[in-house]
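Here is a briefing on one protein model.

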Amino acid sequence: MIKLFKVKENQRETQSADGKPPVKKQSSGELRLQKDITELNLPKSCCISFPDGKDSLMNFEVTIKPGEGYYKGGKFVFSFQVSPLYPHDAP
């Protein structure tokens with residue numbers, strides 16, 4: 001099966017209006033992630049970071065530093081890479 005969303009994304013990136021470098025539009029997945037991240041209410045023991053900068057929302061890390069319990073003092077880092085076809089395909 002041809003991944004139509006990927007083909008369409010490639011076409012958008014190669015097209016340019018005035019001979020200028022193509023401007024990358026935000027995909028529906030990036031828009032959805034941006035909305036979800038702004039609505040997050042993370043506790044103080046959790047933080048989210050973007051190792052590739054804020055322009056790359058599809059790759060992010062969540063760090064958890066428990067303040068109580070058995071894992072107190074620990075640091076747990078989870079890396080996430082979301083498919084460019086999100087939300088049309090499962091992450």
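Strands β1 and β2 run antiparallel and are joined by four bridges. The model is predicted: local features need pLDDT of at least 70, side-chain atom pairs count only at pLDDT 80 or more, and totals for chains, interfaces and linings use all residues. Residues are numbered from 1 along each chain as its sequence is written, and side-chain values use heavy atoms, with hydrogens and water left out.

**Sheet**

- Strands (E, at least two residues) and helices (H or I, at least four) are DSSP runs, numbered from the N terminus.
- Two strands pair if DSSP finds at least two bridges between them.
- Three strands make up an open sheet, ordered β1-β2-β3, with antiparallel pairing.
- β1 and β3 (76-81) are the edge strands, as each pairs on one side only.
- On average, neighbouring strands of this sheet are turned by 20 degrees against each other, direction ignored. Axes here are lines fitted to C-alpha atoms, for helices over the stretch in contact, and angles run from 0 to 180 degrees between N-to-C directions.
- Serine 49 has glutamate 61 in β2 as its bridge partner.
- Cysteine 46 stands opposite isoleucine 64 in β2.
- Between β2 and β3, which run antiparallel, there are six bridges.
- Valine 62 has phenylalanine 78 in β3 as its bridge partner.

- Threonine 63 lies in strand β2. Its relative accessibility is 9%, so threonine 63 counts as buried. Buried means under 20% relative accessible area, exposed over 50%, and partly exposed in between (1.4 Å probe, protein chains only).
- Leaving out residues up to four places away in sequence, threonine 63 touches Ser45, Cys46, Cys47, Lys75, Phe76 and Val77. Contact means heavy atoms within 4.5 Å.
- With the same exclusion of residues up to four places away in sequence, valine 62 touches Cys47, Ile48, Phe76, Val77, Phe78 and Phe80.
- Valine 62 is also one of the nine residues in the largest nonpolar core, which includes Leu33, Ile37, Phe50 and Phe60. Such a core is a set of buried Ala, Val, Leu, Ile, Met, Phe, Trp, Tyr and Cys residues joined through side-chain atoms within 4.5 Å.
- α2 (28-38) and β2 each supply at least two residues of this core.

**Aromatic pairs**

- There are four aromatic pairs in the structure. Rings of Phe, Tyr and Trp (its six-membered ring) pair if their centres lie within 6.5 Å; planes under 30 degrees apart count as stacked, over 60 as edge-to-face and the rest as tilted.
- Phenylalanine 50 and phenylalanine 60 form a tilted pair, because their ring centres are 6.4 Å apart and their planes stand at 55 degrees.
- This pair links distant parts of the chain: phenylalanine 50 sits in the loop between β1 (46-49) and β2 (59-64), and phenylalanine 60 in strand β2, ten residues apart.
- Both phenylalanine 50 and phenylalanine 60 are buried.
- Tyrosine 70 and tyrosine 71 make an edge-to-face pair, 5.2 Å centre to centre with 90 degrees between the planes.
- Tyrosine 70 is exposed at 77% relative accessible area. Tyrosine 71 is exposed at 52%.
- Phe50, Phe60 and Phe80 are linked into a cluster by ring pairs.

**Cysteines**

- The structure has zero disulfides. A disulfide is a pair of cysteine sulfur atoms within 2.5 Å.
- The closest cysteine sulfur to that of cysteine 46 is in cysteine 47, at 7.9 Å, too far for a bond.
- Cysteine 47 is partly exposed, with 38% relative accessible area.
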